[in-house]
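Thanks for coming, everyone. Let me put the structure up, and then I'll walk you through it piece by piece.

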Number of protein chains: 2
Amino acid sequence: MKRQYSEQLKKGVTETALLYLINEVQTYGYSIIKELEKRTTGYLKLKGGTIYPALQRLEIKGLVKSWQQWTTERRARRYYKITDKGRQFLVKRLVEWQDFSLAVSTLMGISDTAKATSPNTT
Amino acid sequence: MKRQYSEQLKKGVTETALLYLINEVQTYGYSIIKELEKRTTGYLKLKGGTIYPALQRLEIKGLVKSWQQWTTERRARRYYKITDKGRQFLVKRLVEWQDFSLAVSTLMGISDTAKATSPNTT
DNA sequence: CCAATATATGTAGTAATACAATACAGTAGG
DNA sequence: CCTACTGTATTGTATTACTACATATATTGG
């Protein structure tokens with residue numbers, strides 16, 4: 001099965017993105033999937049098989065805490081809420097992303113005053 | 001051994017960064033390591049154990065080609081040069097990085113007209 | 001009423017890749 | 001001689017996004 005390169009790009013930002021959304025408002029897995037897709041107009045589509053394990057990792061690390069809530073008599077959702085530790089972690093990771101993305105963009109000749117970035121033909 | 005989160009961030013950009021440098025001028029592994037560190041003021045430090053396998057992957061994919069050059073009688077370097085296929089690939093990946101990094105930055109409230117990005121305390 | 005779709009969570013196994021640790025060897029300076 | 005730096009390379013490990021699958025309930029259209 002041929003993998004997309006964008007998979008690799010996602011690896012550093014998934015947990016930060018989840019935490020960012022959970023920080024805004026307590027929410028649950030399925031909602032996060034839809035929200036990410038909507039807000040990034042399709043650039044950050046994450047699958048259930050990615051999201052649910054990632055949420056579990058966040059909880060194990062103590063960055064979020066979860067509980068079940070019954071939407072109907074028989075139907076449960078697992079809600080997630082950020083912790084203080086999670087908030088501290090989020091701030092660090094946001095700064096890290098900014099520094100990293102700026103460094104890479106600069107390296108690759110992509111600046112705010114973006115000029116033609118097509119590689120030269122040396 | 002505690003791993004750095006930045007490891008994950010790097011996973012999508014390493015090959016693109018290598019290709020970008022090789023596109024500028026034919027070069028070799030050790031030089032790339034030093035050059036990346038210098039140009040990104042330390043934000044993109046990659047180790048030999050990352051670079052050398054990555055260069056091999058690029059060659060297997062036909063994006064670069066390599067040859068040995070003797071710097072002294074006994075000492076050889078492996079130089080890399082980009083191929084036409086590599087140049088096409090590079091352009092695609094640069095565009096992909098731009099789109100991706102913009103999408104993520106937008107999601108996380110980091111725009112060019114960057115306002116305070118500290119998470120709210122809902 | 002029934003089928004299809006959407007909602008909702010979860011696991012097992014696989015692929016990709018950055019790293020540490022290690023190995024080897026030449027070279028330069030004290 | 002000895003240390004540090006240059007230079008390439010491999011082995012094994014950790015992390016994590018994905019596919020495929022499993023299981024349910026809820027809703028909508030024909």
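We start inside chain A, with two helices. Helix H2 covers residues 14-24 of chain A, helix H5 covers residues 84-107 of chain A, and the two pack at an angle of about 130°. Their axes are 10 Å apart. Because of that angle, H2(A) counts as oblique to H5(A). The crossing of H2(A) and H5(A) is left-handed. Keep in mind that this is a predicted model.

Who makes the contact? From H2(A), the residues are Thr16(A), Leu19(A), Tyr20(A) and Asn23(A). From H5(A), they are Gly86(A), Arg87(A), Phe89(A), Leu90(A), Arg93(A), Leu94(A) and Trp97(A). Sorted by class, this contact of H2(A) with H5(A) has six nonpolar residues, three polar and two charged.

Next, the two copies. How does chain B lie on chain A? A turn of 180° does it, with a shift of 0.0 Å along the axis. The RMSD is 0.1 Å. The two copies are therefore related as by a two-fold rotation axis.

Now to where they touch. On chain B, 39 residues are in contact with 39 residues of chain A. Three helices of chain B each supply at least two residues to that side: H1, H2 (14-24) and H5 (84-107). Which one gives the largest share? That is H5(B), with 15 residues. By class, the side of chain B that touches chain A has 19 nonpolar, twelve polar and eight charged residues. And 100% of the interface residues of chain B are interface residues in chain A too, so the copies meet through the same surface.

Last topic: the DNA. There are 31 residues around DNA strand C. Which come nearest? From chain A, Tyr28(A), Gly29(A) and Tyr30(A); from chain B, Gly49(B) and Thr72(B).

Several elements give two or more residues to the surface near DNA strand C. In chain A, these are helix H3 (29-39), helix H4 (48-60) and strand E3 (76-82). In chain B, they are helix H1 (6-10) and helix H4 (48-60). The largest share, six residues, comes from H4(B). As for class, the surface near DNA strand C has nine nonpolar, twelve polar and ten charged residues.

Methods:
Residues are numbered from 1 along each chain as its sequence is written. Chains are lettered from A and ligands numbered from 1 in the order in which they are written. This is a predicted model: local features need pLDDT of at least 70, side-chain atom pairs count only at pLDDT 80 or more; totals for chains, interfaces and linings use all residues. Axes are lines fitted to C-alpha atoms, for helices over the stretch in contact, and angles run from 0 to 180 degrees between N-to-C directions. Helices (H or I, at least four residues) and strands (E, at least two) are DSSP runs, numbered from the N terminus. Angles under 35 degrees count as roughly parallel, over 145 as roughly antiparallel, 65 to 115 as roughly perpendicular and the rest as oblique. A crossing is left-handed if the near helix is turned anticlockwise from the far one by less than a right angle, and right-handed if clockwise. Two residues are in contact if their C-beta atoms, placed from the backbone, lie within 7 Å. Ala, Val, Leu, Ile, Met, Phe, Trp, Tyr, Cys and Pro count as nonpolar, Asp, Glu, Lys and Arg as charged, and the others, Gly among them, as polar. Copies are superposed by least squares on the C-alpha atoms of residues with pLDDT of at least 70 in both. A residue is near a molecule or strand if its C-beta atom, placed from the backbone, lies within 6 Å of it.
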